[in-house]
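Take a look at the fold below. We will walk through its sheet, then turn to the ligand.

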Amino acid sequence: MPSTVRKKKEKRLEQKAEKHRKVSWKPATMVYPVPAVMVSCRDKSGKDNIITVAWTGIICSDPAMVYISVRPERYSYHMIEESGEFVINLTTEALVKKTDFCGVRSGRDIDKWEACGLTRGRAFKVEAPVIEESPVNIECAVENIIKLGSHDMFIAKVLAVDVEERFIDERGRLALDKCKLTAYSHGEYFALGKLLGTFGYSVKK
Ligand SMILES: Cc1cc2nc3c(=O)[nH]c(=O)nc-3n(C[C@H](O)[C@H](O)[C@H](O)COP(=O)(O)O)c2cc1C
């Protein structure tokens, strides 16, 4: 390779390295964005509550399994632990302020259902109530609790998914884009933006 071409190439690589220069932060949970969901739960005496949880996600497709990570000091913790159940309620733009509220106030002090004007609904499979105003309620049964440190991870099987009928399209699929779901990133709530692609579109002809 002639030296002028090589020098140009080296310069381009240097510029690229400069553009993407990184600094190293201390270890932190930087896997953003995530959903901030409202988890509804009920203890054995019938008292129920809502807790906002962002440390949540899918861990297995078949069987359908999810997790939530909850600090033991949360009021909701004992409800989920003793009942072995909870419901993940997906949050929408209309619910985002209530989601925040349920994440900064404790059920020890107030009834969050009443304070937020949220409605308890009957779940199909679990005793814990669903939040009627949420378009998708994921009914879960705890299979395992893993102590990790600040948070305990509740690994759970999905027993039922309750979907608001008006969000089911003509092909019988859930039109999640119509629900106006929100995301949480580094302390901020976001509306979801434009569609960038669909599963496998990168290799489709
Ligand atoms: C956006 C957001 C996400 C949160 N994620 C979690 C979480 O993943 N796990 C957790 O234990 N607490 C989380 N919290 C904090 C609890 O929701 C909060 O402490 C709440 O008041 C607990 O309610 P409770 O005492 O009624 O159970 C989050 C709060 C907010 C606002």
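Seven strands matter here: an open sheet of 7 strands has the order 2-1-5-8-9-4-3, with antiparallel pairing. Strands are DSSP runs of E, at least two residues long, and helices are runs of H or I, at least four; both are numbered from the N terminus. Two strands pair if DSSP finds at least two bridges between them. Strand 2 and strand 3 (56-60) stand at the edges with a single partner strand each, so one side of each has no neighbour in the sheet. From one strand to the next, the twist averages 35 degrees.

This is a predicted model, in which local features need pLDDT of at least 70 and side-chain atom pairs count only at pLDDT 80 or more, while totals for chains, interfaces and linings use all residues. Residues are numbered from 1 along each chain as its sequence is written.

Now pick one pair. Strand 1 (residues 37-42) and strand 5 (residues 85-89) run antiparallel, joined by 3 bridges. Met 38 stands opposite Asn 89 in strand 5. Helix 2 packs on the sheet and touches strands including strand 1, strand 2 and strand 4. Its direction makes about 60 degrees with that of strand 1. Axes are lines fitted to C-alpha atoms, for helices over the stretch in contact, and angles run from 0 to 180 degrees between N-to-C directions. Contact means C-beta atoms, placed from the backbone, within 7 Å.

What surrounds the ligand? The shell has 22 residues, and among the closest are Tyr 75 and Ser 76. A residue is near if its C-beta atom, placed from the backbone, lies within 6 Å. Strand 2 gives the largest share, 4 residues.

Conventions:
Contact = placed C-beta atoms within 7 Å.
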